[in-house]
Amino acid sequence: MECTVSWTGAAGTRSGMGFIAETGSGHVLAMDGAPDERTPANGGQNLAPRPMEALLAGTGGCTAYDVVLILKRGRHDVRGCSVKLQAERAEVEPKVFTKINMHFTVTGKALPAAAVERAIAMSHEKYCSASIMLGKTAAITTSFELVEV
């Protein structure tokens, strides 16, 4: 796996702290910093997610992917899955994630709560590389709700 991240500020773009990531699979992800009122040249323009937001979003995508796949492999009629992540970071550098809560909303027909709970647990214990890695610095908690269609 590879990714190239390039600073766009030197190219005369609107943001002095913008970055473009080009992934090995050929996709592009924009990132930007927060505006810095004290030193505008060191801040961004709020044009894209912050890098740590992208990390959190990627973790959500990783675990939601697992949950859907595990439920589908179990022949459950899953129709939707979203996960809301709320994170806290350390006060001092490096400002790693210290707490992450993931609340899943899983939609389907006659989905057993035990199957959803198992899929979430399997993701966090075995399959989701991102959440397992972040679990080294953050206490990760999960919850879920089922929506019947």
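Hi everyone, let me open with the lining of the largest pocket: its residues divide into seven nonpolar, three polar and no charged. Before I go on, please keep in mind that this is a predicted model.

So, which residues are we talking about? The largest pocket is lined by Pro51, Ala54, Leu55, Gly58, Thr59, Cys62, Ser129, Ala130, Met133 and Leu134.

Now for the second largest pocket, with a volume of about 230 Å³. How does its lining divide by class? Here we find four nonpolar, no polar and five charged residues. The names are Arg50, Met52, Glu53, Leu56, Ala87, Arg89, Glu93, Lys95 and Phe97. Again α1 gives the largest share, this time three residues, and both α1 and β4, residues 77-89, supply at least two.

You will find Pro94 in the loop between β4 and β5.

Let's move on to helix α2, residues 113-127. With 15 residues at 1.5 Å each, α2 should span 21 Å, and the 20 Å between its end C-alpha atoms agrees with that. Which of its residues are buried? They are Ala115, Val116, Ala119, Ile120, Ser123 and His124. Viewed down the helix axis, these buried residues fall within an arc of 165°, so they line one face of α2. On the face turned away from the buried side sit the exposed residues Ala114, Glu117, Arg118, Glu125 and Lys126. And what covers the buried residues? The cover includes α1 (51-73), β5 (97-109), α3 (129-134) and β6 (139-148).

Arg75 is not a glycine, yet its phi is positive, about 60°. Arg75 belongs to the loop between α1 and β4, and because its relative accessibility is 79%, over the 50% cut-off, it counts as exposed. Ala110 also has a positive phi, near 55°, in a residue other than glycine. Ala110 lies in the loop between β5 and α2, and with a relative accessible area of 61% it is exposed too.

Definitions and conventions: Residues are numbered from 1 along each chain as its sequence is written. This is a predicted model: local features need pLDDT of at least 70, side-chain atom pairs count only at pLDDT 80 or more; totals for chains, interfaces and linings use all residues. Side-chain values use heavy atoms; hydrogens and water are left out. Helices (H or I, at least four residues) and strands (E, at least two) are DSSP runs, numbered from the N terminus. The expected span of a helix is 1.5 Å times one less than its number of residues. Buried means under 20% relative accessible area, exposed over 50%, partly exposed in between (1.4 Å probe, protein chains only). The arc is that of the directions from the helix axis to the C-beta atoms. Contact means heavy atoms within 4.5 Å. On a 1 Å grid over the protein atoms alone, a cavity is a set of points where a 1.4 Å probe fits but cannot get out, and a pocket is an open set with protein on both sides within 12 Å along at least five of seven lines; lining residues have an atom within 4 Å of a point. Ala, Val, Leu, Ile, Met, Phe, Trp, Tyr, Cys and Pro count as nonpolar, Asp, Glu, Lys and Arg as charged, and the others, Gly among them, as polar. Grid points are joined across faces, edges and corners, and a volume is the space filled by probe spheres set on the points.
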